[in-house]
Amino acid sequence: MDYIAIKSEETTERGSNHYRNKMKKRKQFAKRFLHNAKGFGRIGIFGRGAEVDQEQYNYLVNILEAMTKQKDTEERQLMANNVLGQLEGKEIRISSNQLGSRVFENLLPFTDEENFAKLMDTFAENFRAVCCDKFASHVLQRMLYVALLRAVAPLQTEDDDAEHGSTEQEGSKKPRQTKGGDGVDRAGQSIWPFSEYTLKEPYSDAHRQMCGKFVQRLAMFLINNLEEFVWDNTANYIVRQCILNLSGIGEMKMFDNRGTKGTPMATAEVKRLIVPEEWQKLLTEINIRLMAWPQFADLPYNELASVILQTLLRALSTLEERFLVSQLCSKLHNEAFLTENNCAKKEEDDASEYAEEKSFAEEDESKLPKVFQQEASIRLLESCISVAPSNFFKENLFEGLFRGRLKDLALSKMHNFAVQKLIEHTDDKDLIEIVLLELENSMEDILRVGHTGVVLALAKACARLACQQGKYVKLLLDALHSGEVASEKMITAVLYLLPADIKVENTPSINLHGSLILQAILEFNKPIKFVNALLEMPNDRLANILSDPRGSFVANAYTGSRFVGEKSREKMVRHLEGQYSRLMLTPHGSHVVEIMYNAGNPAQRENIVRELADNCEQLNSKPWGMVINKRLLVDTYKRDPARWKVAIKSDAKVEKLFDKLVGGKKRKLNKEGKE
């Protein structure tokens, strides 16, 4: 089969600099917004939304500009209270203006008890108008979140507060984890981080009770108007945030793990705030009302209604309301996902399972269950897969919707993510065997169309459940035409996810999913084939791979796997001798040097430092090289090797003692192999 090109449809993977870059973009967005606001003001355009006069507009511009320079908390509080005093009686109109909305959102968390109470009363009297306003609704969302934090702060333990707040300042160290501390629901929206501040600020008990009543009052208003607000773009967003807040989850993010705008469901783990029990009862009331709608079966096929249901599933699962989750998933499956015609089609498929299979391109879409017909319903199905109880997952979702259709779904651009989600949440070894059986003749086709996430999900599942590992490796290598090729070709075929017999003009870049697949395979019970292949590669070629941002994490998997022996790790350290100075030329390669140093025996460690000492000037020319120089005492070795041996032993003892006391910080990986 001819391969011209293999697309890589990779889901978003977040590296160690993800949140740092995201914060940088937010600051750039804030500067651009301020610059544009000034420009529009000069030509007589005073923001979108509600009209404000030139004097008010210029005042708001000056306030927004002052915010970007103000970092002191007391000054923020003073500014917030002064501005709200100046705008008293005009809050609704100003917040309905684009610029006014931006200013109010940033000032709200730093207002004192009296001003915040007045604002809550003002907005409560105008809930309907505010919920449906394009700009004022964002102020209401921020007010809801701030009221939540003020109300529940006493219920949190010190550990909860620390973890909730630490995500604000250490987001770059906690990948793929929903950050509760930044308080941002729109790109660049929050100039002043406020979550940690709000949780620690000593408000009076009366004020906290008032904030709690505001949350409940808004929730009841939304429940009573649910039939109307579900279909309104602006109010829908407030309903979703309220659902999450009632379960203790902070503000929603604009993007999920696929990078699709507006979908609140995400795979990240969330640190939940402790909330009063009566708030959880309101969440149950929303669930009951939605399930009682006559048009419930049609809700999954509407984008706005679907995201409400996704958010509700997420909130209920966060509270560990297993009965409610099972009840909602069951109703969706029976009444919306799998209609009577779908059941008939499933029986027909089972009866003709030995008939010749048709490609998905030729198959009529009507043969698939209704849930697969629209993007909105597929997303909701993925949410059900993520939270459904094991028995329901296996007996209903898998058997009723996926079994017998996995090949076609995996080859479909719209459906392959659902297959990935299914595999990721499978905790039954028998199901993985069935999945592999259905996909065993399609692995090459799946790679060709670029749905590499399905292949990666299988690798992770085989490693996680310790099953079907040998079969998976055989299927993967057969799909890449690399079962009998040399070691270097086999490794590069997996890393590039290109068949070994394909000739390319230029060396392709390492495929992210290819690197993650190799890392998962190294976690298999018997990875000896790939361990030997890595050791047999020319060390300069291996150094090229380990210097790559994606390839460097193979070193982490190799040295961190329980099933790669100590002798194999030492062989790798020895194999890379002569390449350590070259690895130091890149930041990711420098991590590999440190990893190999830690994996080696004392003699090998000295050899690494000796090699680095011979190129000390080049080492110090890079910022990451200076870090390695300091950690490994390379300069000390260059001056006096005997003194280095004493110093490095002393440092090791201190580090070991420090680790026992507070825990050392090492290069940690998440499930995707990223820092």
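This is a predicted model: local features need pLDDT of at least 70, side-chain atom pairs count only at pLDDT 80 or more; totals for chains, interfaces and linings use all residues.
Let me start with a definition: a residue is buried when its relative accessible area is under 20%, exposed when that area is over 50%, and partly exposed in between. Keep that in mind.

First stop, glutamate 444. Is it buried or exposed? Its relative accessible area is 19%. The cut-off for buried is under 20%. So glutamate 444 counts as buried. Now take arginine 448. Its relative accessibility is 21%, so arginine 448 is partly exposed. These two side chains meet in a salt bridge, at 4.0 Å from N to O. Both sit in helix α23, residues 443-448. They are four residues apart, about one turn of the helix.

Why can such pairs form at all? Side chains of opposite charge can pair when their charged atoms come close.

How many salt bridges does the model have? The count comes to 18. Glutamate 228 and arginine 128 form a salt bridge of 2.7 Å, N to O. Glutamate 228 is in helix α12, residues 226-229, and arginine 128 is in helix α7. That is 100 residues apart. What about accessibility? Glutamate 228 is at 41%, so it is partly exposed. Arginine 128 is partly exposed too, at 38%.

Next, glutamate 594 and arginine 631. Their closest N and O atoms are 2.7 Å apart, in a salt bridge. This pair also links distant parts of the chain. Glutamate 594 lies in helix α33, residues 587-599. Arginine 631 lies in helix α36, residues 623-632. They are 37 residues apart. Arginine 631 has a relative accessible area of 46%, so it is partly exposed. One more item here.

Now, rings. The model has eight aromatic pairs. Take phenylalanine 127 and phenylalanine 214. Their ring centres are 5.9 Å apart and their planes stand at 50 degrees, so this pair is tilted. Phenylalanine 127 is in helix α7, residues 127-131, and phenylalanine 214 is in helix α11, residues 205-224. So the pair ties together parts that are 87 residues apart in sequence.

A second pair is tyrosine 472 with phenylalanine 524. This one is edge-to-face, with 6.2 Å between centres and 75 degrees between planes. Tyrosine 472 comes from helix α25, residues 469-479. Phenylalanine 524 comes from the loop between α27 and α28. So this pair ties together parts 52 residues apart in sequence. Tyrosine 472 and phenylalanine 524 are both buried.

Rings can also have a charge over them. The charged end of lysine 331 sits over the ring of phenylalanine 296, 5.2 Å from its centre. The charged end of arginine 605 sits over the ring of tyrosine 597, at 5.1 Å from the centre.

Last stop, the core. The largest nonpolar core has 195 residues. Which residues have the most contacts inside it? They are Phe337, Phe402, Tyr472, Ile491, Ile517 and Phe530. Helix α8, residues 136-152, gives the largest share of this core, 12 residues. Look at isoleucine 491 on your screen. Leaving out residues up to four places away in sequence, isoleucine 491 touches Leu518, Phe530, Ala533, Leu534, Met537 and Ile545.

Methods
Residues are numbered from 1 along each chain as its sequence is written. Side-chain values use heavy atoms; hydrogens and water are left out. Rings of Phe, Tyr and Trp (its six-membered ring) pair if their centres lie within 6.5 Å; planes under 30 degrees apart count as stacked, over 60 as edge-to-face and the rest as tilted. Helices (H or I, at least four residues) and strands (E, at least two) are DSSP runs, numbered from the N terminus. Buried means under 20% relative accessible area, exposed over 50%, partly exposed in between (1.4 Å probe, protein chains only). A charge sits over a ring if NZ of Lys or CZ of Arg is within 6 Å of the ring centre and within 35 degrees of the ring normal. A nonpolar core is a set of buried Ala, Val, Leu, Ile, Met, Phe, Trp, Tyr and Cys residues joined through side-chain atoms within 4.5 Å. Contact means heavy atoms within 4.5 Å.
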